[in-house]
Amino acid sequence: MLTFALPTGRSLDDCIEILEGAGLPVNKLKNAGRNLVIEDGSFRYLLSKPSDVPAMVHYGAADLAIAGSDVINESGISLIEFFDTGRGRCVMAIAGPQSIAEKFNDNVCGLMGLKVATKYVNVAEKTFASWGVQIKILKLNGSVELAPALGLSDCIFDIVQTGGTLRANGLIVIKETEPVSLRLVAGAGAVQLRWHSMFGVVNSIENYVKGTVGK
Amino acid sequence: MNRNPKGCSNIGGAAAGRIEYCRNKALKLFAYYGYRPFSPAELQLIEDVWDKLSPAVSRKLIALTSPYGEPCVLRGDLTLSAVAYLSAHFRDDERPLRLSYADRVFSAPKPPKSNLEENQVGVELIGWEGAGTDAEVVSLLLRTLDALSIENSAVVLGDMSVIARLFDGVPAERKDLLIEALKEGSYSNYKQILDGTDIPEGSKKLLRALPSLKGECSVIGEAMQMIDDPSLLMPLKRLCDSLSKLGFADRIRVDLGFIRDLGYYSGPVFNAYSSISGALLGGGGRYDGLLAKVGMDGEASGFALNLKELAEHCVDKSLSPKLMLWCGSGDPADGLRYADGLCKKGISFELSWNRDRSESMRIAGLKKYRYWVDFPAKKIVAVSSGEISDLETFDSEVL
């Protein structure tokens, strides 16, 4: 039996579409209800909070996973990344009010000590550090867009898909830092030990994903 | 209560017992194979280690200044210490040189781990032994896992010299990027870089297949059909053949895209796993290049296993005391003489000098001893059932 860890929330529909397209059984997964462990044929699906998916494969609870590159990078966990599924595309970006956007046009010295609200603490630190900028981070777990309006931070560092939530809160995208999408990943140990049982599935998913590019 | 610094932990109770069991069992096995124990210094001079490890590993070393003002690191790698010791203390004609160790290494943790220290047990073999070096070291690794009753353990083999040769025709800058991507396990990035690299299509096809060339030993045969010079894979094939003849065939896997990142491996490399949980137990490999860096010729190979992981996966056979020996308020020498007798019989025990008989018995129950001995009365009590027997009878029949 091959075990997949999948993120709950809005990415789950993309995951189901990929798995179904690759010929994996997903009927029970589509009707999971409140179940978090679903067995269908020779597959088991673990539904997990997106940020926990990398740990699920790292610790061997799952053989394979579909996880967002944002949470993979944030976790810092080394995983085998087979390919980009092209689903769940968005960008990691710095967003804030217009007044702060102007600071980003000047020398980076003006950004020192910037207060940044984010749930991606590690990626934010690395990103700003790569520009030589030290920031003050406010870790928030949700509704990050509220922080500048409440005076909690100067800007936010978050994933942006359509930008609708930003606009609704008076924020604009100041700088896009990296693209984000769903990736097919596995723990290094599982890949080295059980490649013979997973490569067929990995190939099927890759073939399906490649076949749908641009459609 | 004192708080440990973040990333550090005290190990006690059953876990400490199991670690000790694994350490002793492994070192005893290594001694049979002629490996002599070595206890390296806890601090290493930065100048001695910095250029011998990969940048990624060096950056994780924990630096400090010794009270003598010397820039040091907490020992982050036991192989470097072992090789430095061997190069300084033995002549070439004394080879082969075999060392074993069981000690701690320190480094900044890699997520999701948070511990700064790890307990390792391992061996290093330096000599001129040809293919025998690799076969000896990998089989010893497997025998160690067997000795510790780690069920379903497996070893994954790769070869750094094969990787180096396969990338021979690739422009240097691209080669570094490709190897880095393989090391990070970012196959998507690897394929992307490869697609943008200007090399003949034949070579590209092989390099494209490299991340998938893993599985049973037969994968070596598949790879041989894909490359111009199949002899490149012969050392790895011979190693697999030797291990198969020793009965390890079903526990060997091959991964031709496998890279171990310490910066000094130059030949066959390997990882050991518990195949049930997929937990990495340790690994090692061939490091002839490191020898050259310390001015030595020859071949060297070794492995290190993580003692905490071994302890977690081994079948618990730690020496936990079987009985509590209550000596009461009599002459301590009498109780100690009896204890010496138990020791000679190989029976583990704990002495109790408590003046209160019932309190001593209560503690024996608390500590889950099987028996409690009332030495002054020469009686023995089965702690769980409360059954009482004469010590003399029990001693001759059971103990």
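**Close-up views of a predicted two-chain model**

**View 1. The largest nonpolar core draws on chains A and B.** In this predicted model, the largest nonpolar core counts 127 residues, and V57(A), A65(A), V185(A), C22(B) and V155(B) are the ones with the most contacts inside it. Helix α9(A) supplies the largest share of this core, with 9 residues. Zoom in on A65(A) and, once its neighbours within four places in sequence are set aside, you'll find it in contact with F4(A), A5(A), V53(A), M56(A), V57(A), V185(A) and A186(A). There's also a second, separate core of 23 residues, with M92(A), V116(A), I135(A) and V160(A) among its members.

**View 2. Here's where chain A touches chain B.** Each partner puts in its share: 23 residues from chain A and 23 residues from chain B make up the contact. On the chain A side, the elements that give two or more residues are α3 (53-58), β5 (80-84) and α9 (188-212). Helix α9(A) gives the most, with 8 residues. Sorted by class, that side of chain A has 11 nonpolar, 9 polar and 3 charged residues.

View 3. Chain A carries 9 helices and 11 strands. Its C-alpha trace spans about 55 × 35 × 35 Å along the principal axes. Of its 215 residues, 43% count as buried.

**View 4. Helix α1(A) and its buried residues.** Along α1 of chain A (residues 11-21), the buried positions are S11(A), D14(A), C15(A), I18(A) and L19(A). These residues sit on the same side of α1(A), because they cover an arc of only 130° around the axis. What do the buried residues of α1(A) pack against? Their partners are β1 (2-7), β4 (64-68), β11 (182-186) and α9, all of chain A. Just past the end of α1(A), look for G23(A), which takes a positive phi of about 90°.

**View 5. The two domains of chain A and the contact between them.** Domain 1 of chain A comes in two pieces, 2-88 + 181-212, while domain 2 of chain A runs over 90-180. Their centres, taken over C-alpha atoms, are 29 Å apart. Where the two meet, 8 residues of domain 1 of chain A are in contact with 8 residues of domain 2 of chain A. On the domain 1 side, helix α4(A) (residues 69-75) gives the most, with 4 residues. That side of domain 1 of chain A has no nonpolar residues, 6 polar ones and 2 charged ones.

**View 6. Over in chain B: two domains and a strand trio.** Chain B is split into domain 1 (13-313) and domain 2 (323-397), with 49 Å between their C-alpha centres. Strand β13(B) (residues 323-326) pairs with β15(B) (residues 371-374) in the parallel sense, over 4 bridges. In that pairing, W326(B) stands opposite D374(B). Strand β15(B) also runs antiparallel to β16(B) (residues 379-382), again joined by 4 bridges, and here D374(B) stands opposite K379(B). β15(B) and β16(B) make a hairpin with 4 residues between them, and K378(B) in the turn has a positive phi of about 55°.

Conventions. Residues are numbered from 1 along each chain as its sequence is written. Chains are lettered from A and ligands numbered from 1 in the order in which they are written. This is a predicted model: local features need pLDDT of at least 70, side-chain atom pairs count only at pLDDT 80 or more; totals for chains, interfaces and linings use all residues. Two residues are in contact if their C-beta atoms, placed from the backbone, lie within 7 Å. Ala, Val, Leu, Ile, Met, Phe, Trp, Tyr, Cys and Pro count as nonpolar, Asp, Glu, Lys and Arg as charged, and the others, Gly among them, as polar. A residue is buried if 20 or more other C-beta atoms lie within 10 Å of its own, exposed if 12 or fewer, and partly exposed in between; C-beta atoms are placed from the backbone. Domain bounds come from an automatic or database domain assignment. Two strands pair if DSSP finds at least two bridges between them. The arc is that of the directions from the helix axis to the C-beta atoms. A nonpolar core is a set of buried Ala, Val, Leu, Ile, Met, Phe, Trp, Tyr and Cys residues joined through C-beta atoms within 7 Å.
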